Amino acid sequence: MSKVSNRVKIIMYGLGYMGKEIAKLLLKKKGVEIVGAIDISKDIVGKDLGEVLGVKKDLGVTVTDDSKSLLSKVESDIVAHATTSYLTQTFSQISECVMEGFNVISTCEELSYPFKKHPELANKLDRLAKENGVTVLGTGINPGFLMDTLPIVLTGLCQDVKKVKVTRMMYSGNRRIPFQKKIGTGLSPNEFKQKIEKKEITGHVGLNESIAHIAAALGWELEKIVEEPPEPIIAEKELKTSYTTVKRGQVAGLKSVGRGLIQGREVITLEFISHASVEEPYDEVIIEGTPSIHEKIIGGVHGDLGTVAMVVNMIPKVINARPGLLTMRDMPLPSAVLEDMRIYLEWETP
Ligand SMILES: NC(=O)c1ccc[n+]([C@@H]2O[C@H](COP(=O)([O-])OP(=O)(O)OC[C@H]3O[C@@H](n4cnc5c(N)ncnc54)[C@H](OP(=O)(O)O)[C@@H]3O)[C@@H](O)[C@H]2O)c1
């Protein structure tokens, strides 16, 4: 049974770009109330959430860095969490919410399918969630949908599957500046190499999780998952982006590839390619099987818009889901929340 009595109450945990966009979308939805806001950034702690979001009114919610105190006194149905990508960093944040009895939906990439890379943390979180009767879900566009949930769903049409290949081909020149920096835009090839070595550029986080997730859905015991170091894509001509001008010979973006192998045979290939010279972005799934399937989203899906939507749309489903650390494969089909969020809770209450 959902704990919701009146409006769906949500605590925001992490108010960087994603957290702010999620909060702004929530403010547009009916039947929703943001009841708390947590972040450690000195720029926003102590401010009213309305000011932080740039909406023209106070929301009566002050951003705090004292998560413990807030979580112990505020009533809420769920925490929307968007801080960092790595489970070793987010584990304590998420388990703190769980132990206070809150469901959690998070954009943490490694939470989307943590059972292979971090089995101990995953099992601990699962146990804590069950003990406290709450649900934890890691989701977003990727990982969370394009390179895992979508290909998994498409294999439902197959009698046999030999290989799954997913390519995300993204134009990066109009993306927000931190993203363009993150993929090395405008660096020299040497600077790019140094940043890879220092792990200042990581490439796409989530390939490992998406590969493990697809394999688990298909019952494939992978012998190994290989994530290749991100390769720079070099500009062949001068490119203007919203961040900088990339000269010919400089880095326009990167390519990250992950492979899942069984007995030396590559059965899953995921390619994440994002740079400023992509002319025709797309998201593509190719399944070799019976029947073979070739699905292509022309233009590709906007990463930030898609992630924000996925988090908001999954909120009623997470509130109503069984307790534990769940994955997108355990959840009802994703679908858009268009009307008052409370009606989706009524539909989905078992
Ligand atoms: N799954 C997906 O499809 C998907 C899609 C988009 C983004 N993501 C991931 O979602 C995460 C958030 O993205 P973003 O772009 O919003 O990142 P961001 O702009 O760096 O924002 C993160 C915010 O969380 C704060 N923070 C960090 N550690 C915290 C802690 N312990 N307690 C409270 N607040 C904390 C940060 O404060 P400081 O700035 O002071 O550190 C910052 O304000 C990233 O890991 C990103 O990779 C996933």
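Trainee: Which residues touch the most other members of the largest nonpolar core?

Mentor: Ile10, Met12, Leu26, Ile105 and Ile315, in a core of 38 residues. Keep in mind that this is a predicted model.

Trainee: Which elements supply at least two residues of this core?

Mentor: On the strand side, β1 (8–13), β2 (32–38) and β4 (78–81) do. The helices that do are α1 (17–28), α2 (49–53), α10 (303–320) and α11 (341–348).

Trainee: And which of them gives the most?

Mentor: That is α10, with 8 residues.

Trainee: What is Ile315 in contact with, leaving aside its neighbours within four places in sequence?

Mentor: Ile315 is in contact with Val8, Ile10, Leu26, Ile78, Ile105 and Met341.

Trainee: What does the second, separate core include?

Mentor: That core has 33 residues, among them Ile152, Ile196, Ile268 and Val285. As a general point, nonpolar side chains tend to be buried together in soluble globular proteins.

Trainee: Back to α10. How many of its residues are buried?

Mentor: 16 of its 18, so α10 is mostly covered, taking buried as under 20% relative accessible area.

Trainee: Where does α10 bend?

Mentor: At Met314, by about 40°. A proline, Pro316, follows within four residues.

Trainee: What span should α10 have, and how far apart are its end C-alpha atoms?

Mentor: At 1.5 Å a residue, the 18 residues of α10 should span 26 Å. The end C-alpha atoms of α10 are 26 Å apart, which agrees.

Trainee: Now the sheet. What is the strand order?

Mentor: The order is β3-β2-β1-β4-β5-β6-β16, an open sheet of 7 strands with parallel pairing. Its edge strands, β3 (63–64) and β16 (324–326), each pair on one side only.

Trainee: How many bridges join β1 to β4?

Mentor: There are 4, and the two strands run parallel. Tyr13 stands opposite His81 in β4.

Trainee: Which strands does α1 lie across?

Mentor: α1 lies across β1, β2 and β4, and runs at about 160° to β1.

Trainee: Is Asn208 buried or exposed?

Mentor: Asn208 is buried, because its relative accessible area is 13% and the cut-off for buried is under 20%.

Trainee: What does Asn208 touch, not counting residues up to four places away in sequence?

Mentor: Asn208 touches Lys117, Ile225 and Glu227.

Notes
Residues are numbered from 1 along each chain as its sequence is written. This is a predicted model: local features need pLDDT of at least 70, side-chain atom pairs count only at pLDDT 80 or more; totals for chains, interfaces and linings use all residues. Side-chain values use heavy atoms; hydrogens and water are left out. A nonpolar core is a set of buried Ala, Val, Leu, Ile, Met, Phe, Trp, Tyr and Cys residues joined through side-chain atoms within 4.5 Å. Buried means under 20% relative accessible area, exposed over 50%, partly exposed in between (1.4 Å probe, protein chains only). Contact means heavy atoms within 4.5 Å. Two strands pair if DSSP finds at least two bridges between them. Axes are lines fitted to C-alpha atoms, for helices over the stretch in contact, and angles run from 0 to 180 degrees between N-to-C directions. The expected span of a helix is 1.5 Å times one less than its number of residues. The bend at a residue is the angle between axes fitted to the seven residues ending there and the seven starting there.
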